[in-house]
Amino acid sequence: EGINIGMVMYQNEAYSYTPYPGCPWTVEGIQKFNLEYLKPTLQKKNPDVKLWLGTFNTNRFNHVMEILKDPRCKDAFVGLGFQWEGRQIMRRIKEAHPYFEIMCTESECGNGRFDWHAAEHTFYLMTEYLGAGCTSYTFWNTVLCDNGQSPWGWRQNALVQVNSKERTYRFAPEYYSVWHFAHFVRPGSKLLGAKSVNRENPVNAVVYLNPQGKYVVMANNPTNEQRTVSVKIGKKYLNLNLKPHSLHTYQQK
């Protein structure tokens, strides 16, 4: 169809028993299909297409490690894709196999409310994934109608919400979380550090150095109280006063 395909993963969520069509795989099946069939076929017919392994949507650390025990994996796969509960094991897998790229293959798609909480949660997720070294972040839904209900009854969020009755649309709050990253983190930017939310410091923050040598600091405060945060950059500090439930980006002049 003339579509330029740059990468392939053998299946989405191959470890879930779902109300929609799926296909759970064993470790041996994953290794055999990818290493003995899919990889050789790509090399023969489409050598420029990169093979990734995923998507890992559970926290079954030993399962992933068992797959990667096959020494052929290091040369066969470019990277690994994680989503949902897979985020819980992502850093440990990366530490064990640092030569693989990692990516977020599906952002968590919410509950169909299209509210500010979804925006804050997505900001946190992007900080968590990108802070762990992910080279890309992918969304399941870009545009949905009304409450985003799927054919199997799951209400989901998207970046753009369409009112099917009035035939209008709006940018959902989640869109603006993405906008902070997409607008200010330009190609070639270098991640310097990231801090995800925890009980002691319930603020998310990430720092980049852009190709022009300027610092970019993004932070959000998902709490009901104003928070003051100090971000250390080299020998200097940037002191932030973050209003409750707010998103911020600071760019060096």
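Ground rules come first. The model is predicted, so local features need pLDDT of at least 70 and side-chain atom pairs pLDDT 80 or more, while totals for chains, interfaces and linings use all residues. Numbering runs from 1 along each chain as its sequence is written, and side-chain values use heavy atoms, with hydrogens and water left out.

Start with the sheet. It is open, has four strands in the order β1-β2-β3-β4, and the pairing is parallel. Strands are DSSP runs of E, at least two residues; helices are runs of H or I, at least four; both are numbered from the N terminus. Pairing needs at least two DSSP bridges between two strands. At the edges sit β1 (7-9) and β4 (101-106), each pairing on one side only. From one strand to the next, the twist averages 35°.

Now β1 and β2. Strand β2 covers residues 50-56 and pairs with β1 through three bridges, in the parallel sense. Which residue in β2 is the bridge partner of Met9? Trp52.

Next, the helices. Helix α5 is residues 116-131 and helix α6 is 173-184. Their axes come within 7 Å and cross at roughly 30°. Axes are lines fitted to C-alpha atoms, for helices over the stretch in contact, and angles run from 0 to 180 degrees between N-to-C directions. That crossing angle makes α5 roughly parallel to α6, a label for angles under 35 degrees.

Who touches whom? Contact means heavy atoms within 4.5 Å. The α5 side includes Trp116, Phe123 and Met126; the α6 side includes Pro173, Val178 and Phe181.

Conventions. Angles under 35 degrees count as roughly parallel, over 145 as roughly antiparallel, 65 to 115 as roughly perpendicular and the rest as oblique.
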